[in-house]
Amino acid sequence: MKTHASGAKNGRDGRTRIIEGALRRFSQDGVSATTLASLREESGVSVGSFYHHFASKEHVFGVLYTEILNAYQQAFVAELVGHQDARAGIEAVVAFHMRWAGEHPERARILISERPPRKNEPGGPEVAEARRAFFRQVADWWRPHMKNGLLQPVAPTMCYVLWLGPAQEMCRLWFAGAHVPSDEEIKGLGQAAWQSLRQSDREQ
């Protein structure tokens with residue numbers, strides 16, 4: 001009985017170690033440059049333990065990417081719905097994005113730099129469903145402000161580019177060691193997002 005319990009504990013720990021090791025390796029080296037051997041070495045698990053939990057490097061990436069995306073999107077929505085004012089919501093999300101990237105640099109690097117799993121790849125269906133749910137939640141917040149003439153009616157992709165594209169580029173410079181954004185610059189990114197997304201015939 002004791003051996004069985006220990007084995008179960010080790011199994012859980014092994015999966016956690018693989019995911020944590022993958023986060024380090026993928027964020028530093030990129031998914032394509034990370035080998036299965038380096039993943040096992042980083043996590044300190046045996047070949048058998050690895051394949052007990054994951055079928056491939058791509059499987060690890062799919063699980064990790066899904067976990068990161070879900071955590072980011074939940075925090076994003078929590079920040080957004082805390083603001084009833086349109087401009088406050090737009091600017092707060094930009095500040096949140098930069099803050100989250102600073103607090104979770106390894107996870108942010110993966111979201112910014114890696115191609116998401118496609119639908120036919122491990123994690124792909126989960127990522128697609130998470131995005132659908134996320135866009136529905138954002139649209140629910142957006143719709144009343146659009147009807148009130150405050151925010152533009154924009155498609156999800158265009159909304160993302162206008163809202164967070166400049167912030168993403170700032171994060172890339174930040175992670176590359178080229179520039180550390182100041183509070184004033186982050187505030188400016190939020191103001192620029194508002195100017196891009198507001199309906200031009202309304203002032204706020």
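Tutor: In this predicted model, the term salt bridge is used where a side-chain nitrogen of Lys or Arg lies within 4 Å of a carboxyl oxygen of Asp or Glu.

Student: What makes the pair of arginine 15 and glutamate 67 a salt bridge?

Tutor: The N to O distance between the side chains of arginine 15 and glutamate 67 is 3.8 Å, and the cut-off is 4 Å, so the pair is called a salt bridge. As a general point, side chains of opposite charge can pair when their charged atoms come close.

Student: Which parts of the chain does this pair link?

Tutor: The pair links distant parts of the chain, with arginine 15 in helix 1 (residues 2-29) and glutamate 67 in helix 4 (residues 57-81), 52 residues apart.

Student: Are arginine 15 and glutamate 67 buried or exposed, or something in between?

Tutor: Arginine 15 has a relative accessibility of 33% and glutamate 67 has a relative accessible area of 38%. Buried requires under 20% and exposed requires over 50%, so arginine 15 is called partly exposed, and glutamate 67 is called partly exposed as well.

Student: Why are aspartate 29 and arginine 25 said to be separated by about one helical turn?

Tutor: Aspartate 29 and arginine 25 are four residues apart in helix 1, which means that about one helical turn separates them. Their side chains meet at 3.0 Å, N to O, and with the limit set at 4 Å this pair is therefore also a salt bridge.

Student: What makes glutamate 91 and arginine 87 a salt bridge, and where in the chain are they?

Tutor: The closest N and O atoms of glutamate 91 and arginine 87 are 2.8 Å apart, which is within the 4 Å limit. Both residues belong to helix 5 (residues 86-103), where a spacing of four residues puts about one helical turn between them. Glutamate 91 has 24% relative accessibility and arginine 87 has 22%; partly exposed begins where buried, under 20%, ends, so glutamate 91 is partly exposed and arginine 87 is partly exposed too.

Student: Why is tyrosine 72 called buried?

Tutor: Tyrosine 72 has a relative accessible area of 10%, and as the limit for buried is under 20%, the residue is called buried. Tyrosine 72 lies in helix 4 and, leaving aside its neighbours within four places in sequence, is in contact with Phe96, His97, Trp100, Leu111 and Leu164. Tyrosine 72 and histidine 104, although 32 residues apart in sequence, have C-alpha atoms 9.8 Å apart in space.

Student: What makes glutamate 41 exposed?

Tutor: Glutamate 41, found in helix 2 (residues 36-43), has 68% relative accessibility; exposed means over 50%, and therefore glutamate 41 counts as exposed. The C-alpha atoms of glutamate 41 and glycine 89, which are 48 residues apart along the chain, are separated by 44 Å.

Student: How do you know that Met158, Tyr160 and Val161 form a nonpolar patch?

Tutor: The rule for a patch asks for over 30% relative accessible area, no salt bridge, and nonpolar side chains joined within 5 Å, with Val, Met and Tyr among the types that count as nonpolar. Met158, Tyr160 and Val161 form such a patch on the surface, with about 280 Å² of accessible area together. Methionine 158, in helix 8 (residues 156-175), has a relative accessible area of 45%, which passes the 30% threshold.

Student: How many helices and strands does the chain have, and what share of its residues counts as buried?

Tutor: The chain has nine helices and zero strands, and 40% of its 204 residues count as buried.

How values were computed: Residues are numbered from 1 along each chain as its sequence is written. This is a predicted model: local features need pLDDT of at least 70, side-chain atom pairs count only at pLDDT 80 or more; totals for chains, interfaces and linings use all residues. Side-chain values use heavy atoms; hydrogens and water are left out. Patches are made of residues with over 30% relative accessible area and no salt bridge: like charges are joined within 9 Å, nonpolar side chains (Val, Leu, Ile, Met, Phe, Trp, Tyr) within 5 Å. Accessible areas come from the Shrake-Rupley method with a 1.4 Å probe; for residues, only the protein chains shown count as cover. Helices (H or I, at least four residues) and strands (E, at least two) are DSSP runs, numbered from the N terminus. Buried means under 20% relative accessible area, exposed over 50%, partly exposed in between (1.4 Å probe, protein chains only). Contact means heavy atoms within 4.5 Å.
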